[in-house]
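Thanks for coming. I will go through a few local features, one at a time. Please keep the structure in view while I talk.

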Amino acid sequence: MGVWCWGLGSAGLPLRDSFFRDIYRFEDGVPVFKVFVDGFWSEFPVRVDVRSPIDGSLIARVSVPDWEAVDRALDLVYSRGRWSIRNIPGERRLRVIERIADLMEEHRDEFVETLIVDAGKPVRHAVSEVEASIDRLRKASLDLRKLEGDYIPGDWSSHTLESEAIVRREPYGVVLAIIPFNYPLFDTVNKFVYSVIPGNAFVVKPPSLDPIASIMFVKVVVEAGFPKDAIALLTVPGRDASRIVADRRIHVISLTGSTRTGLEVMKNAGIKQFIMELGGGDPAIVLEDADIRVAAQKVAMGVSSYSGQRCDAIKLILVEEPIYEEFKKALVEELSKIKIGDPRSKDTDMGPLIDESSVNDMMEAVEDAVRYGCKIVYGGKRIEGNYVEPTIVEVTERHALKLLRLYRDEVFAPIALIYKFKDLDEAIEIANGRRYGLDAAVFGKDIDRIRKIIRFLEVGAIYINEYPRHGIGYYPFGGRKDSGIGREGVGYSIEYVTATKTIIYNYRGKGIWEYL
C-alpha cells in the first residue's frame, strides 16, 4: 500500500461569521442550511444529515423543501423567472457572471475548505475544483460563439421563390441541473453558465451526499445580482426527485450521474431536452512504443485521482504484449508512491471514498474478480473507514473479461483491470466491448496505429499520451452508447439548452405558384 497519512482530528465545516452566515443557523452545535425557493432563503422541518467522508462525523443538516414549496419554486421560475432573465441584455448577464466570479475569488478559501470536508477532496484537488469553477465563469463569453443562427434564401426552389428565412436560437425556458457528488461545485457552476448565458432560468438539485458547496454557490449567485425569480435550489433527495423531473415546467434536464440514474430520469421525465454525462470508466491502451515511465505515471493518476470517483477515471488498462511486464512493474511502482489519508493534510494524494456503500461496492468487485481467477497485482484492501488502496486486477484470460463486474459495470472507486493484448484489433474490440463510451487514453508514438485507434474507438474523446480529464470543458466532452447524450464544454452545450426557431417571410404575400 502507499504511504498512510494520519488524521487531523474531527472534521468540521469552515464556518465563520462571514458572507455565508445568513444561509444557516446552529442547532445543537450543528449548522442547519436553508434552501433558496420562491425567491427567498427558507428553512423547512425535514432535514437530511450531511456526514464527512473523512471520518463519518455529522457536519451539517440541510433543509428539504416540502412539495408545496417545490411547486411554488417551479411556478415562479416558469411564470416569471424565465422571462426576467431572458429580458436582461446579454451584456448585463455577462457582468453578473463576472461579479459571481469576483465573489468566488473573495471567498475562495471557504469553498476550498468546504470541498475538503464535505466531499473528502485532497487539498490540491479542492483547490483545482474552485479554480476551475472561477475559470469557467470567466470564460462564459466564449459560449456566445455558438449562440448564432442562419439566413436561408428561398431562391433555390420553385416552392420558396420570393421568400427567405432566418433561423434563430432562443432559450428553452427552465433548465434543471442534477449535480453529482464528485464535482459538486464545478458541475453546478458549469451547468449554470451554459444555461443562463442564452437566457434560461436555472433550477439546481445538489447532491445529497455533499450539497454544501452548491448551496454556497447559489448564495453567491443571488448576492451578485442574478434575478431571484430565475433561480431555485431544491435539495430533494434523488429517490424523490422523479416528481420534479416529470414536471412540465421543466424544459431541459442537465444531468451528470450514473447510467442507471440517467435511465430512471429519462423514464420519468417525458418529452424534454437532455444533456447527460453518464457512466464511464475509461480504457487506456498502451502501445509497445510508448514511453513506459510517462505512461505508467499518467495511468496511475487516471486510476487514483479523487479516489477513482470520476466519470473519466481509467478502469481498463490494455497493454501490448512486448512491454506488458515492464509496464506493469512501473505502474505498481507509481501506485506505491501515492500517499493515502486525511484529505486535510497537504501531503495526501488520495483521500476517502464518499461513503461506506462505495467501499463495500469496491470490495465486492474485488471478490468477484478473484472468484473468476483474476490476480490482485496491487492493493485490493480496505484500510479503515472509507479509505481503500488503489487497486489493479490482472486478467489473464480474455473470456473472463465479460464475466467481471469491473468490465461490465462502472465501479466508482480507484480500481482498474489490466490485460495483455497481442494485436491492435483485439485491443479495440475489448475497449468497444463495454457498454460505455465516454473517453479513452492512448499511449504511443506510431501515428498510423494511433489514427486507427482514433477511427474505431466508440468514445466521445480520446486523449493521446495523457490520461482523460475534462477540466473546465475547454475541449467538449460527453459520451456515446450508455455514457450519455449531448456534449458539455465551453460553447458546446448551448445547442442543448436553446431551441431552434425558423421564421419564413413571403414577400409577395400570396402563393408563389401564382407567379410561376
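Start at Asp 446, which caps the N-terminal end of helix α15. One of the side-chain oxygens of Asp 446 lies 3.0 Å from the backbone nitrogen of Asp 448. Bear in mind that this is a predicted model.

Now the helix itself. α15 covers residues 447-456, and Arg 449, Ile 450 and Ile 453 are buried in it. Looking down the axis of α15, the buried residues fall within an arc of 100 degrees, so they line one face of the helix. Which residues are exposed on the other side of α15? They are Ile 447, Asp 448, Arg 451 and Arg 455. The cover over the buried residues of α15 includes strands β15 (282-286) and β16 (314-320), helix α14 (424-432), and then β24 (439-443) and β25 (461-464).

Next, another arginine. Arg 136 sits in helix α4, residues 123-138. Is Arg 136 buried or exposed? Its relative accessible area is 0%, and under 20% counts as buried, so Arg 136 is buried. The side chain of Arg 136 makes a polar contact of 3.0 Å with the side chain of Asp 143. Leaving aside residues up to four places away in sequence, Arg 136 touches several others, among them Phe 186, Val 189, Tyr 194, Ile 472 and Val 490.

Last, the surface. Tyr 151, Ile 166, Tyr 505 and Tyr 507 form a nonpolar patch there, with about 430 Å² of accessible area together. Of these, Tyr 151 belongs to strand β8, residues 150-153. Tyr 151 is partly exposed, at a relative accessible area of 49%.

Technical notes. Residues numbered from 1 in each chain as written. Predicted model: local features only at pLDDT ≥ 70, side-chain atom pairs only at ≥ 80, totals over all residues. Heavy atoms only, no water. Buried < 20%, exposed > 50% of the residue type's maximum accessible area, 1.4 Å probe, protein only. Helix = DSSP H or I, 4+ residues; strand = E, 2+ residues; numbered from the N terminus. Arc of directions from axis to C-beta. Contact = heavy atoms within 4.5 Å. Polar contact = N/O pair within 3.5 Å; in protein donor to acceptor, adjacent residues only side chain to side chain. Patch = residues over 30% accessible without salt bridge, like charges linked within 9 Å, V, L, I, M, F, W, Y side chains within 5 Å. Areas by Shrake-Rupley, 256 points an atom, 1.4 Å probe, with all protein chains shown as cover. Salt bridge = Lys/Arg side-chain N within 4 Å of Asp/Glu carboxyl O.
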